[in-house]
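I opened my notebook for a quick tour of this model. Here is what I looked up, in order.

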Amino acid sequence: MGLLGGKRKLGSNSALAIAAGCAVAFMFIATIVSTVLYKQRMDEAVGLMAETTYNEYDSYVVMISSDDDSTFWKQVYEAAKEYGKENGVYIDMISQSIDESYSKPELIEMAIESDCDAIFIEGDDSEETTKMLARASQRGIPVFALGTDVEAESRISYIGANSYSIASLYGTSLVDNLVKQKKVLVLGADSVSVADENAFINNIQTALTGADIVNAPLEFEARAITETGPFAIEEYVQNMFKENDLAPVVICLDEKTTASFYQAMIDYNKVGSILLFGSDKSSTILTGIKQRVIASSVYVDSKALGQAAAGAFIEYKEAGNVSDYVSVEAKLIDASNVADELQEVDGE
Amino acid sequence: MVSKKSIKSMSLRKKMIMAFCLPTILLFLVNMMLYLGTTRVLNSLDVVYSSNNALNQLNTALESLQNATEGYLNTKTSDALEQYYIREQEYSDMLVALDDNKDDNENRVMERNIRHMSQNYLELTNQAVESKRGGNVEKYKNIYEEATRTFSYIESSINSLNNKQFVNNSKSYGAMMAALQTIERLNIITLVIIGLANLAFVVLIASTIAGPLVRLAATADSVSKGDFDVPLPPVRSNDEVGVVTGAFNKMVISIKDYIAKLTESMEATRKLRENELIMENHVKDAELKYLQSQINPHFLFNTLNAGAQLAMMEGADRTSNYIQRVADFFRYNIKKNKDVVTLKEEIELVDIYIYIINVRFAGEIQFTKEIDESLLDIKIPSMILQPIVENSINYGLRNIEWAKKIKLSVYELGDYVCISVKDNGAGIEKETLDKILNGSFVSNPNKSDSNGVGLNNCIERLNIFYERDDVLDIISEGKDKGTETILYLPK
């Protein structure tokens, strides 16, 4: 064999022919295998580009809160979205999909200009909001108020906890924790107006009527943080501590204020000297309760709120009307049940 | 697949073409497939960022429209108005690409919102432009403000969507690049595998071509060294090598046959030559016997001639005649150097011998001849008849008491010329006869009155000359019943 060098003889011709056939077969198999692998990889790659088909929704609803980034409102949004999805309603929190940050009235305007089918809004008493909601009414867009009610012609329903029952929960907690304090500071961010705070104070006073309090009647002071913009609440709270503009009992009416106040108490070594009652629940607030920095927190179940809101819209869409007030239960977290709530939060 | 038979009947040229073309075609196909696939991926890559491009263009058109609106509201010139209408149309055309979907997906919802906001924006700009043309200052200002806000919403929506799609598209791009790399590796591996298999295939095909040639060369080498019994290479294919192998095999067989025939012929020639030599040897032997017995025939012959002349001078004619005949007898012996003589010459010698013997036996022997004259010219070995007649006289007639007769006959019998010498003498017994005929009889060598040429010598020479064993036959019916010696000579 010249090709192999030397005089080594290969087998008979038929054996060689069979071997040659095997070589050809091997070539074909290699080609086929590589074609199949190749095609698979190609399909995977091209599949990435393919248009996916999505389920279609019937209605488009925009949800706007005062603080879309808060855990509470995110949970409300997720619950509402999930519930809506099952019923052909797409609930969108525009602020989450847009990089730029817009104010609440701007977001309402965007929702209006996007021709949405309904607006879920956490109400406030600002003029701009009211103005924008009036435009929504002009455009015939139904508005559902969540958590805080709103004044608008097209407001269909309010979904949230009964303010009196919330006040009662705080009242109960106050009675349990007060020693001889007299001054109570009620603090809320811009979403909570002074009027709301006053209404809250009225309710709490009603709830405390006849309760066994050493220094009754208590002195309430309502204060709203009107500054908006990033870090406004944090700055406001820090200033309160710096200037010692404090009260022995503080009730914070929203999540951010509660968290800021809790942190400031630790930073300024005021734990034990100030009795803090918070709102909402987040892992920070729950930790605060666990460490006994926060006496208790009243919260509205975010999931229940979201589902109730979506349910209200669906009912409105199908029946043409829905109850003016959809109640969502408020709950109190204190040292006695914080462990269960922490477990729940960790589970999520 | 090509069947085994058709591979065998394929010519060398076709085999070589196949060995070259098949791998080439296969490699070409694989390369084409890989090339087309790669092209497909690269084309898809072009599309990856197309959505971003579309959004960028939309954004640019939106900005142009906003600028055109602002431009008109600022200047109120017809150029600016025209510019506004162009931009408005441009943006409207672009909006068609964004479908009014109801898909349950964040990006698709953003597309939908951009479309709806854009439609409202277009309406607002229209209203603003119309109000400006109508001179309603308060209204167009308000509407323009609203339009500008909507413009910012749309712009930020487009930018946000663009960013999201860019992230998604980058993922697709990364996946595609990874796929491309895999395909590239697959390419290399496949090509290497096919290349190796090709090499093996070509080597094997070359072996099927070269194998028979190598065997043929080895066989030819053996044949050239004289080994004709080497096993011939089998003809397995019908290609050129097969044809050459077949021709070579035929040639080797032909050469073998030719050599066998040549050997046979040489053997025959050698045998012939050997016979000639034996014949010559016998003649020489006979001559020697004569020479031994006669010492010098020439001297004897000359002496006898002198005696004959002397007898004639003295008037003894019979003696002279006798001596003359004796002289003739010896002359025949001397002159016959040649091996073959005519029958006539042999009979003449017998006549001379009978004359001499009858002088000796006082005319007791009655010699008769019955000869077909036409057969006298046939050729026979010399010194055959006289020894036979002499034998008849010596062993048959010499010691008998009755009239001594001897008859020489020459006649035709079928394809043979028969020469018969028949006496009425003592006869020969069966055993002796058999011994004489198979050559094992030993006569007394000291018989003084023989001319020295024995019957055995005659029989052998006859057998060699005619290449047969049955030229001479002796018939005797037993003691005192005479003997007949017959020569069967072919014509």
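I began with a definition: two residues are in contact if their C-beta atoms, placed from the backbone, lie within 7 Å. This is a predicted model, where local features need pLDDT of at least 70, side-chain atom pairs count only at pLDDT 80 or more, and totals for chains, interfaces and linings use all residues. Residues are numbered from 1 along each chain as its sequence is written, while chains are lettered from A and ligands numbered from 1 in the order in which they are written.

**Entry: the A/B interface.** I found 45 residues of chain A in contact with 58 residues of chain B. On chain A's side, helix H1 (13-49), strand E2 (89-92) and helix H4 (104-113) each supply at least two residues; helices (H or I, at least four residues) and strands (E, at least two) are DSSP runs, numbered from the N terminus. H1(A) gives the most, with 23 residues.

**Entry: a helix pair in chain B.** I looked at helix H2 (residues 12-48) and helix H6 (residues 137-224) of chain B, whose axes come within 10 Å and cross at roughly 180 degrees. Axes are lines fitted to C-alpha atoms, for helices over the stretch in contact, with angles from 0 to 180 degrees between N-to-C directions. So H2(B) is roughly antiparallel to H6(B) (angles over 145 degrees).

**Entry: chain A overall.** I noted twelve helices and twelve strands in chain A. Of its 348 residues, 46% count as buried (20 or more other C-beta atoms within 10 Å of the residue's own, all placed from the backbone). Among chain A contacts between residues at least 6 apart in sequence, 72% join residues at least 24 apart.

Notes. Parallel < 35°, antiparallel > 145°, perpendicular 65-115°, else oblique. Buried ≥ 20, exposed ≤ 12 C-beta atoms within 10 Å, placed from the backbone.
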